[in-house]
Amino acid sequence: MKNFKNKYGPWALITGASSGIGEAFAIQLAAEGLNLVLAARRKDRLEALAQKLENQFHIETKTIGVDLLHQDFLEPIKQVTDDLQIGLLVNNAGLWKMNSYMETSLEDEFNMIDLNIKAPSILTHHFAKKMMRKGKGGIINVASLLAYMGVPYSAVYAATKAYELVKSESLWYELKQHGVDVLSLNPGLTESEMTNGFDFSHMPMSLLKPEKVVRTALKALGKKSQVIPGGMNRLLGFLSKRVMSREMNTRMFGMLMGKTYDKLQQAH
Ligand SMILES: NC(=O)c1ccc[n+]([C@@H]2O[C@H](COP(=O)([O-])OP(=O)(O)OC[C@H]3O[C@@H](n4cnc5c(N)ncnc54)[C@H](OP(=O)(O)O)[C@@H]3O)[C@@H](O)[C@H]2O)c1
């Protein structure tokens, strides 16, 4: 992509880069010539990916084995990034626990809030300030199609993603004036470790490939405040925003998620 490296380089920080959508971000940003800081808990996987990308794309990489649920997670990230110019922050690491709300433990609820909301907030505060001083940069927050509605059996997850979506839209406006682009990436079901082991065969859409999700995001960055990858998911997003009432949406997702939830219960 023309000028991508100038606008969002020289370094990108990707959280949750050890698998799924985060790994796909790493590969496509390396192909754009960005140097990468890869963060997640499984450092061995990050190191293997970093080595592969260094060899293939002749970029520089750094890896950080870090648990973003740890209270002081910013410290190890600062140690590695303080001397680097991070032009792109990808807040991708996330946690989804499917359960009925009353069966969701408070520990699971607060972990989803901490990983899906608190960690991106801490990272955005830290890195957006630096980007604003440079007058350029980008932040991609990986939210979800589920951000647009109440979602039974994923109530907390959907609420955390709604927070990310709405915050991203506001920041898109506020930070644009400082040269920083913000995007909420709102994928529907995507093939990854997160969706492994669930039965979604009754869903009206097939699972997306992480590569497609990331391609859509990189095309939309700087142009839109939010994007939904995939035609069927975009249609669902359109229906939920423009056509159906909030109750209709929640009923529809209650039925769809309810089936997956029932199958999960039967399997255990
Ligand atoms: N898959 C979908 O259908 C879908 C749909 C919409 C949105 N999303 C969102 O997409 C993002 C990426 O998910 P994915 O589908 O690619 O799932 P994934 O393959 O499970 O990836 C999740 C990533 O987050 C990292 N992570 C999890 N807990 C962490 C922690 N405590 N500290 C640091 N890193 C942690 C994991 O690495 P480690 O285990 O090595 O720490 C992993 O790299 C998430 O925000 C998810 O909510 C996914």
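Modeller: Tyr153 is buried, because 23 other C-beta atoms lie within 10 Å of its own. The cut-offs are these: 20 or more such neighbours within 10 Å means buried, 12 or fewer means exposed, anything in between is partly exposed, and the C-beta atoms are placed from the backbone. Bear in mind that this is a predicted model, where local features need pLDDT of at least 70, side-chain atom pairs count only at pLDDT 80 or more, and totals for chains, interfaces and linings use all residues. Residues are numbered from 1 along each chain as its sequence is written.

Back to the backbone. Most residues other than glycine have a negative phi, and most peptide bonds are trans. Tyr153 has a positive phi, near 70 degrees, and sits in the loop between β5 (137–142) and α6 (155–176). (Helices are DSSP runs of H or I with at least four residues, strands are runs of E with at least two, and both are numbered from the N terminus.) His58 also has a positive phi, near 55 degrees, but His58 is exposed, with 9 other C-beta atoms within 10 Å. You'll find His58 in the loop between α3 and β3 (61–65). As for peptide bonds, the one from Gly9 to Pro10 is cis, with omega near 0 degrees, and Pro10 lies in the loop between α1 (4–8) and β1 (11–15).

Now for α3 itself (residues 43–57), which packs on α2 (residues 20–31) at about 20 degrees, the axes being 10 Å apart. Axes here are lines fitted to C-alpha atoms over the stretch in contact, and angles run from 0 to 180 degrees between N-to-C directions. On the α2 side the contact uses Glu23, Ala26, Ile27, Ala30 and Ala31, and on the α3 side Leu49, Leu53 and Phe57; contact means C-beta atoms, placed from the backbone, within 7 Å. By type, these residues are seven nonpolar, no polar and one charged.

Helix α2 also turns up at the ligand, giving the most to the shell around it, with three residues. In total 29 residues surround the ligand, and Gly16, Gly20, Arg41, Gly94 and Ser192 are the closest; a residue is near if its C-beta atom, placed from the backbone, lies within 6 Å. The shell splits into 13 nonpolar, twelve polar and four charged residues, where Ala, Val, Leu, Ile, Met, Phe, Trp, Tyr, Cys and Pro count as nonpolar, Asp, Glu, Lys and Arg as charged, and the others, Gly among them, as polar.

Terms used: Two residues are in contact if their C-beta atoms, placed from the backbone, lie within 7 Å.
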